[in-house]
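Subject: Structure for you to look at

Hello,

Here is the structure I promised to pass on. Please open it next to this email and follow along.

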Amino acid sequence: YDDRDGLIWLDGKLVPFRDAKLHVLTHGLHYASAVFEGERAYGGEVFHLTEHSQRLIDSGKLLDFTIPYSVEEIDRATRETVAANKMADCYIRPIAWRGSEMMGVSAQQNKIHVAIAVWEWPSYFSPEAKMKGLRLQISDWRRPAPNTAPTKAKAVGLYMICTLSKHKAEREGYQDALMLDWRGQIAEATGANIFFAKDGKLHTPTPDCFLDGITRRAVIAMAKGRGIEVIERPMQPEEMAGFDECFLTGTAAEVTPVSEIGPYKFTPGKICQALLGEFDLATRAKKAA
Ligand code: PMP
């Protein structure tokens, strides 16, 4: 990913993509003192930009560091990076990390760096292809309890078990994995939130130990706007047997129906279709109009 044309915003200025490098003794690399975001621009406009910039700053605080820019400055830098790369539709990756001044667990004085990169990352599937649904494995790894890790942060360290889960799922012929939480309740996929539907209502786990995704919240609002009831509650894995539809939400995943999770089967239907359409209207279709 580093051998590309274009520009990356690094600590306040745009630098050539290939030159945005850091030292091997960077604290963020050794001790996971790093937080990041994932965003998308549609037609040159970043979907829910300020919520993402705010979450980046909040994630930094949860890792005991202060990002040296305000929400407005991060918003502006993000727009500047998208515009400088002349990409109307792209994925955006802001990241903040502790630098290399001191080595060791404690590195209170290390400089906090921020970078923003963008690249083309089209939606994997057309709405028609998405309706076939993904196959998910149930991971052996569990999301940690809120007193085990800062679970509200989009922190790099929390992705270690996501990569382990997704690699195993892919090796065994699945596209993603569902992770349970430390109590054994349904949590989320490795980079997306999860919803289930039956009797025209949506059910989704309460995000008390995993990311309350910005797409998740947008889709809840879209569903409510269509008069679909949304129930947030603790969900047990055995309950999956009783649902007709299932889908994932996330910046990269957007709205992606699921057809299988371990032994449980779902058929993407009316609710998936309606929310895929609604999401498309709020993003691609709106910008194309
Ligand atoms: N959970 C995890 C683990 C994620 O990585 C993501 C993607 N950022 C999400 C949920 C969905 O969050 P969002 O809708 O804000 O992209």
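Leaving aside neighbours within four places in sequence, which residues is Asp-181 in contact with? They are Arg-142, Arg-143, Ala-187 and Cys-209. Contact here means heavy atoms within 4.5 Å. Asp-181 lies in strand E9. Asp-181 is buried, with a relative accessible area of 1%. Buried stands for under 20% relative accessible area, exposed for over 50%, and partly exposed for anything in between (1.4 Å probe, protein chains only).

Some ground rules. This is a predicted model, in which local features need pLDDT of at least 70 and side-chain atom pairs count only at pLDDT 80 or more, while totals for chains, interfaces and linings use all residues. Residues are numbered from 1 along each chain as its sequence is written, and side-chain values use heavy atoms, with hydrogens and water left out.

The whole chain

The chain has 7 helices and 16 strands. These are DSSP runs, numbered from the N terminus: helices are H or I with at least four residues, strands are E with at least two. The radius of gyration is 19 Å, close to the 19 Å that the globule rule gives for 289 residues, so the chain is as compact as a globular protein of that length. That radius is taken over C-alpha atoms, and the rule is 2.2 Å times the number of residues to the power 0.38. Along its principal axes, the C-alpha trace spans about 55 × 45 × 35 Å. Of the 289 residues, 51% are buried. Take the contacts with a separation of 6 or more: 69% of them join residues 24 or more positions apart.

Helix H5

H5 covers residues 160-171, which is 12 residues. From first C-alpha to last it reaches 17 Å, close to the 16 Å expected at 1.5 Å a residue. The expected span is 1.5 Å times one less than the number of residues. Ile-161, Cys-162, Ser-165 and Ala-169 are buried in H5. They cover an arc of only 105° around the axis, which puts them on the same side of H5. The arc is that of the directions from the helix axis to the C-beta atoms. An α-helix has 3.6 residues a turn, so residues three or four places apart point the same way.

What do the buried residues of H5 pack against? Strand E8 (134-143) and strand E9 (176-181). The face turned away from the buried side carries the exposed residues Met-160 and Arg-171. Just after H5, Gly-173 takes a positive phi of about 90°.

Helix H2

H2 runs over residues 49-62 and has 14 residues. Its reach from first C-alpha to last is 20 Å, close to the 20 Å expected. Its buried residues include Leu-49, His-52, Leu-56 and Gly-60. The elements that the buried residues of H2 pack against include helix H3 (71-84), strand E6 (90-98) and helix H6 (214-225). Just after H2, Asp-64 takes a positive phi of about 65°.

Salt bridges

How many salt bridges does a search of the whole structure find? There are 18. A salt bridge is a side-chain nitrogen of Lys or Arg within 4 Å of a carboxyl oxygen of Asp or Glu.

One of them joins Lys-130 and Glu-254, with the closest N and O atoms 3.4 Å apart. This pair links distant parts of the chain: Lys-130 is in helix H4, Glu-254 is in strand E15 (residues 254-261), and they are 124 residues apart. Both Lys-130 and Glu-254 are buried.

There is also a network of salt bridges, which links Glu-51, Asp-212, Arg-216, Arg-217 and Glu-232. Asp-212 pairs with Arg-217 at 3.5 Å between the closest N and O atoms. Asp-212 is partly exposed at 25% relative accessibility, and Arg-217 is partly exposed at 37%. Glu-232 meets Arg-216 at 2.8 Å, N to O. Glu-232 is in strand E13 (residues 230-233) and Arg-216 is in helix H6. Arg-216 is buried at 2% relative accessible area, whereas Glu-232 is partly exposed at 39%.

Trp-121

Last stop. Trp-121 sits in the loop between strand E7 (112-119) and helix H4 (127-130). At 23% relative accessibility, Trp-121 counts as partly exposed. Not counting residues up to four places away in sequence, Trp-121 touches Arg-40, Tyr-91 and Ala-252.

Best wishes
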